[in-house]
Amino acid sequence: MICCLNPDCSNPQNHQNNKVCQTCHTPLVPLLRNRFRVIRVLSDEGGFGRTYISEDIDKLNELCVIKQLAPKFQGTWSQKKAIQLFLEEAKRLQQLGKHPQIPTLIAYFEQDNCLYLVQQFIDGQNLLHELNSRKVYRDWDIQSILLDLLPIIKFVHEHEIIHRDIKPENIIRRKCDGRLTLIDFGSSKQLTVRVQRKNGTSIGSHGYSPIEQIRDGKAYPASDLFGLGATCFHLLTGISPFQLWMEYGYSWVGNWQHYLRYPLTKELAEIMNKLLQKEIQHRYQSADEVIRDLMKKHTHILPAAKSKIIKPPVQYSQINSKKYILLRNLIFMFGIIILFAVGESGYREFRKLKANFSVSLSQPRKMTSSSEIPEKDLSLVNTLSGHKSKVLSVVMSPNGKMIVSGGNCEESHHSQCHGNLKLWDVITGREIASLEGHSQNVNAVAITGDGKILVSGSDDQTIKVWNLQTNQLIRTLKGHTDAIHSLAITGNGKTLVSASDDQTLKVWDLSTGKLIRTLIGHKYWVRSVDISPDSVTLASGSFDKTIKLWNINQEQPIRTLTTSLQTVIAVAFSPDGKILASSSRDRTIKLWNLQTLTVSRTFTAEGHNINTIAFSPDGKILASGGRNTSGKHSYHTIKLWNVATGEEMITLTGHSNIVTSLAFSADGKFLVSGGEDNLIKIWQVSP
């Protein structure tokens with residue numbers, strides 16, 4: 001199909017072979033700037049142009065968004081203002097597009113008396129559509145949204161830019177990883193002395209924009225924070241702030257809690273209250289202030305408050321060194337009180353307490369508990385740095401000699417996707433081979449138990465089967481209609497199961513490549529699948545907030561487990577098949593007893609966003625990887641948990657970006673991790 005670029009055309013869709021629009025008879029433009037093929041209308045800008053979904057033929061027909069400015073009233077104030085804002089939006093995107101959660105600017109040009117702005121397409125759903133389909137947000141959902149958005153807003157403000165139109169429609173949850181993206185900088189305005197002192201034009205959305213912006217046209221960092229608070233209010237209540245503004249003006253912000261459907265924690269209610277202050281001087285002045293208050297209830301995750309070994313980045317340790325001293329002094333004072341209260345026996349016990357605690361603060365404590373790993377037994381063995389983009393999946397061969405990694409595409413000068421599937425020598429750390437075949441990101445890799453066959457799944461909707469002895473492609477499996485995110489192979493190596501964003505799982509005969517059956521039951525993306533050791537039971541985790549158990553020989557699920565109000569990120573069977581572990585966006589890991597189908601233990605990892613989990617071969621350790629957030633600091637960690645006790649054994653830091661994938665070696669001595677810092681790390685976890 002080809003789309004007519006006349007903004008007044010009532011039916012712009014045309015057949016690819018048409019030269020003239022069949023509705024308005026405007027000549028059709030096959031390629032804008034000889035590069036962009038306009039496919040369909042995304043939105044109408046009310047006479048000033050339209051926004052289109054397009055294909056960039058210079059990037060293998062990658063989707064992009066094209067904004068068109070075609071004002072009807074030439075020479076008017078409205079036209080000049082529209083052109084000014086359009087140019088400002090392009091400049092803002094050029095400045096801010098380096099942030100991974102802000103669209104990048106691709107092109108800005110004029111053609112046929114219209115201006116065009118081309119930007120990155122964000123594949124996902126905005127929060128208003130998500131609200132309409134989901135209906136209910138609880139306090140932990142809002143905390144997660146705030147922790148994801150506030151660093152973006154901080155980045156924008158650090159570039160002296162005010163967004164001025166933060167609302168659910170301008171926040172998209174990405175389909176690929178569930179993270180939020182801030183879009184639509186058309187109303188953004190440079191933060192300068194001139195802007196702060198001179199009244200401007202009112203730009204923004206009533207109900208979401210604060211009084212100083214609507215009344216005076218002035219915008220500050222605190223103005224965006226009001227929009228953030230109004231957005232959270234809308235998600236919590238289901239009530240549009242615009243409707244309240246139309247009826248009550250700004251008086252609704254004084255009693256916003258009356259509209260809540262569910263109570264909030266005291267801490268979050270206080271934060272929301274300060275975000276929604278009508279007068280700017282009573283509101284939060286910076287994103288950092290909000291983050292600090294938001295993380296107060298999570299301070300127990302900080303290194304200063306834990307007796308287990310945590311190895312955060314150097315600057316983080318330096319910042320918290322004062323907290324260590326303060327904590328030690330407080331304990332010292334408490335000991336003095338005990339001394340006077342209980343006499344000589346108390347004094348002797350206090351001396352022991354002080355001496356032991358001083359040692360634990362001055363040097364790493366050697367762990368002797370059965371739930372902990374001695375530090376001497378754990379070390380970073382090697383870092384593999386051949387990927388030029390994110391590592392999304394890792395697996396180690398059964399003999400422990402090779403690592404396979406999948407990741408984002410790397411573009412060559414021919415704009416071909418390559419480097420997204422690599423083989424590594426564990427001993428030397430060198431790249432053995434790069435397997436070419438997938439045209440998009442490789443999200444999942446798996447190896448058969450005999451180490452002879454590699455399987456990879458990609459955003460290109462295909463699964464590829466490789467001979468690991470020759471590194472040759474055996475066959476390509478087609479059938480999914482959306483990205484493939486997880487793969488699992490039965491113990492005998494004969495059957496493959498794949499999970500996809502098309503909401504299905506597919507069971508394949510690995511020796512012939514034939515599709516055996518399609519499992520239908522999930523209502524949203526299926527991001528994780530695992531097979532029990534008996535090769536009969538499957539478990540799948542989905543963004544529909546459920547885990548489903550399947551018999552591999554049946555097309556319908558045998559049981560659905562509802563985990564929480566959060567999406568399920570990962571599932572994994574224990575090696576003995578008695579336990580199923582699951583992780584979700586509520587920052588918990590649940591262990592399910594598969595005989596009773598009840599939760600036997602919950603690991604709470606507050607501040608730890610979990611992307612991946614893996615059992616050690618003996619089933620005693622569960623590893624989780626992701627990102628930790630504390631205040632304005634984010635550090636990317638791997639946590640090891642004692643399956644029997646539920647205790648956190650140790651936290652590993654070393655990745656400089658989100659940990660995406662984990663895999664144990666077959667003997668359990670090594671753990672391999674992949675991350676968005678483009679690195680693969682090999683850890684020794686036992687002698």
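Let me start with a term: a residue is buried when its relative accessible area is under 20%. Keep that cut-off in mind. One more point before we go in: this is a predicted model.

First stop, H480. Is H480 buried or exposed? Its relative accessibility is 5%, so H480 counts as buried.

Now the side chain of H480. Which side chains make polar contacts with it? One is the side chain of S498, at 2.7 Å. Another is the side chain of D502, at 2.9 Å. Then there are the residues that H480 touches, leaving out those up to four places away in sequence. They are Q461, I463, S498, S500, D502, T504, L505, K506 and W508. So S498 and D502 turn up again in that list, because residues with heavy atoms within 4.5 Å are in contact.

Next, the sheet that holds β23. It is an open sheet of four strands, in the order β20-β21-β22-β23, and the pairing is antiparallel. Which strands stand at the edges? They are β20, residues 442-447, and β23. Each has a single partner strand, so one side of each is left without a neighbour in the sheet. From one strand to the next, the twist averages 20°.

Let's zoom in on one pair there. Strand β22 covers residues 462-467. Six bridges join β22 to β23, and the two run antiparallel. To find one on screen, pick K464: its bridge partner in β23 is T476.

Second stop, β29. This strand runs over residues 537-542. How many of its six residues are buried? Five are, and the strand is mostly covered.

β29 pairs with β28, residues 526-531, through five bridges, running antiparallel. Across that pair, I531 stands opposite L538 in β29. The hairpin of β28 and β29 has five residues between the strands. Check S535 in that hairpin: S535 has a positive phi near 65°.

β29 also pairs with β30, residues 546-551. Again the sense is antiparallel, with five bridges. Here G541 stands opposite I547 in β30. This hairpin has three residues between its strands, and K545 takes a positive phi near 75°.

Last stop, β41, residues 670-675. Five of its six residues are buried, so by the under 20% cut-off the strand is mostly covered.

What pairs with β41? Take β40, residues 659-664: β40 and β41 are antiparallel, over five bridges. S661 stands opposite G674 in β41. The two strands form a hairpin with five residues between them. In that turn, G668 has a positive phi of about 80°.

Then take β42, residues 680-684, which pairs with β41 in the antiparallel sense over five bridges. L671 stands opposite W683 in β42. β41 and β42 make a hairpin too, with four residues between them.

β23 is an edge strand of an open four-stranded sheet. And β29 and β41 are each mostly covered, with five of six residues buried.

Key:
Residues numbered from 1 in each chain as written. Predicted model: local features only at pLDDT ≥ 70, side-chain atom pairs only at ≥ 80, totals over all residues. Heavy atoms only, no water. Buried < 20%, exposed > 50% of the residue type's maximum accessible area, 1.4 Å probe, protein only. Polar contact = N/O pair within 3.5 Å; in protein donor to acceptor, adjacent residues only side chain to side chain. Pairing = 2+ DSSP bridges. Axes fitted to C-alpha atoms, helices over the stretch in contact; angles between N-to-C directions.
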